[in-house]
Amino acid sequence: MTLDRAINISDLRHLAMKRLPRMAFDFIEGGCDDEDGLAENESAFAAYRLMPRYLVDVSQVDMTAQLAGQAFSMPLGLAPTGAAGMFRHDADRLLARASAAANVPFVLSINSHASIEQAVEAAPEHTWFQLYGVKSLEMTEDMVRRAADLGVKTLVLSVDVPVQSNRERNRRNRFSQPLRVTPSMILQAIAHPSWTLEYLRNGGLPYMGNFRPYAPSGASAEAVGDLVFSVFPAPDLTWTFLEKIRRLWPRKLFIKGIMHPDDAFRSAEMGVDGIMVSNHGGRQLDRAPSPLQVLPAIREAVDDRIEITLDGGIRRGSDVVIALCLGARMVFVGRPALYGVAAGGDKGVRKTLEIFSQELAIVLGQIGCPRIADLGPHFLRPSLAASRSGSNASRGGDRLVRS
C-alpha cells in the first residue's frame with residue numbers, strides 16, 4: 001500500500017498506523033474507558049439507508065455549502081486536532097494550506113504546535129480558531145484578542161472538557177503531559193525510522209505555539225508543554241463563561257461539544273451563531289450517545305435559529321449525506337485528516353479531502369440529488385438489519401481494539 005494507491009479513509013488509516021509508533025497512533029485512535037463510544041460514533045450511521053430517486057439529471061452536482069457567512073466547495077471541514085505536529089512535522093500548517101487549496105474550513109486547535117499567527121499566515125481565509133477555557137482568564141482573553149486582531153472569521157469554543165477524561169491508551173503508553181521519555185518509547189521510535197528521523201531532524205518535541213508567549217523567555221518545548229498541562233481544565237467553564245466570550249468576540253461564534261437539545265436551545269438564546277454537535281470523538285464520556293443520534297432532536301430544538309454542524313464517526317461520503325439529511329449544515333472530520341497528514345504530509349491531507357469529495361459526488365448522483373441544499377429526511381429510511389442486530393461493530397474491517 002502506498003499513498004497513490006489509497007482509495008478510501010481506511011487505506012489512509014493503515015498507512016498512518018504503519019508509519020507511526022504505537023504510542024503516537026494510539027493517541028490519534030484512542031478514546032476513553034472501554035472505547036465503546038468510538039464504535040458507537042461510526043455504527044450510528046448504519047441505522048440509516050439512503051433512498052435513491054432515479055430518472056433525475058445528475059450530470060452536474062452542486063456540492064457548495066454556506067457556513068458562518070462563507071462559501072465552501074463542499075459541506076466538510078477539518079476539525080480541531082491537538083498535538084498534530086507529533087504525527088508529521090508542521091502538520092498544522094499543512095492542514096491549513098490543504099484546506100485553503102480545497103476551499104474548506106480548518107479549525108486550528110488551541111493545543112496546536114503552530115501558533116494561530118502561523119496558521120492564519122498559511123490560510124488567512126480558511127483558518128478558524130478553537131478555544132478552550134483555561135484557568136487564567138487573562139490568558140483566555142488574550143488569545144481571543146490575538147485571533148480577532150488576525151482577522152479570524154469564526155471562533156469555536158469547546159465546552160466538552162469540564163474535567164480530564166480517562167484515556168487509558170495514553171496512560172499505558174505514558175504518552176501524555178507531562179511527557180517523559182521511557183524505554184518503551186525509545187524502542188518504538190527505533191522500529192519506526194521514518195517518523196523518528198523526521199522528528200529528530202526538526203529538533204525533537206515541537207513547541208505548543210499558542211502558549212509559547214505565556215511561558216518564561218527561553219522556555220523549552222517541554223516546559224511550555226508543562227504549562228499547557230497546568231492550565232487545563234478551567235474551573236469556571238459555565239454559561240457565565242460563555243457570556244464573557246460572546247461579549248469579547250466580535251464575529252461568528254460556534255460552540256463545540258453540545259449534545260443536549262436544551263443546551264442547544266440555550267446557546268441560541270445567548271446569541272451564538274452555530275454549534276458543533278460532538279462528543280469529542282468518543283474521547284471524553286464513553287457512555288455518551290453518538291452525535292448523529294442526538295442530531296434530529298437538536299435540529300428540532302433550534303430550528304433555523306443557528307447553524308448546526310456535526311463531527312464524530314464520519315468515514316465515508318455517505319456518512320456526510322446522512323448527517324446533512326438529518327439537519328447538519330456541514331460536518332467536520334478529525335481522525336481522517338490526521339490519518340492523511342501522518343501518512344503523506346501535504347499530499348496525504350489533500351488525499352483525504354479528495355476521497356471525501358469524490359465519494360460525496362458519487363452518492364449525491366446515485367440518490368438523484370444534484371444539489372446539497374435539497375437533502376433532507378425524505379432521502380432516508382431506517383436500516384432493518386441494524387435495528388435487528390444492534391451491532392456496534394466499526395466498519396471497513398477495522399475493529400476497534402480496546403486498550
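**Confidence**

The model is predicted. Its mean pLDDT is 93, and 95% of the residues reach 70 or more. Residues 396-403 stay under 50. For that stretch the model has 20 contacts beyond four places in sequence. Where pLDDT is low, the predicted coordinates should not be read in detail.

**Helices**

| Helix | Residues |
|---|---|
| α1 | 9-19 |
| α4 | 91-102 |
| α15 | 335-366 |

**The pair α1 and α15**

How do the axes of α1 and α15 cross? They come within 10 Å and cross at roughly 175°. Angles over 145 degrees count as roughly antiparallel. The two helices, α1 and α15, are therefore roughly antiparallel to each other.

On the α1 side, the contact uses I9, L12, R13, L15, A16 and R19. Their partners in α15 include P336, Y339, G340, I355 and F356. The residues of this contact divide into ten nonpolar, three polar and three charged.

**Helix α4**

Helix α4 has twelve residues. From its first C-alpha to its last it reaches 16 Å, close to the 16 Å expected at 1.5 Å a residue.

Which residues of α4 are buried? They are A91, D92, L94, L95, A96, A98 and S99. An α-helix has 3.6 residues a turn, so residues three or four places apart point the same way. The buried residues of α4 pack against strands β4 (76-78), β5 (106-108) and β6 (127-131). They also pack against helices α5 (116-122) and α15.

After α4 comes N103. Its phi is positive, near 60°.

Technical notes
Residues numbered from 1 in each chain as written. Predicted model: local features only at pLDDT ≥ 70, side-chain atom pairs only at ≥ 80, totals over all residues. Heavy atoms only, no water. Axes fitted to C-alpha atoms, helices over the stretch in contact; angles between N-to-C directions. Helix = DSSP H or I, 4+ residues; strand = E, 2+ residues; numbered from the N terminus. Parallel < 35°, antiparallel > 145°, perpendicular 65-115°, else oblique. Contact = heavy atoms within 4.5 Å. Nonpolar A, V, L, I, M, F, W, Y, C, P; charged D, E, K, R; others polar. pLDDT = per-residue confidence, 0-100. Expected span 1.5 Å × (residues − 1). Buried < 20%, exposed > 50% of the residue type's maximum accessible area, 1.4 Å probe, protein only.
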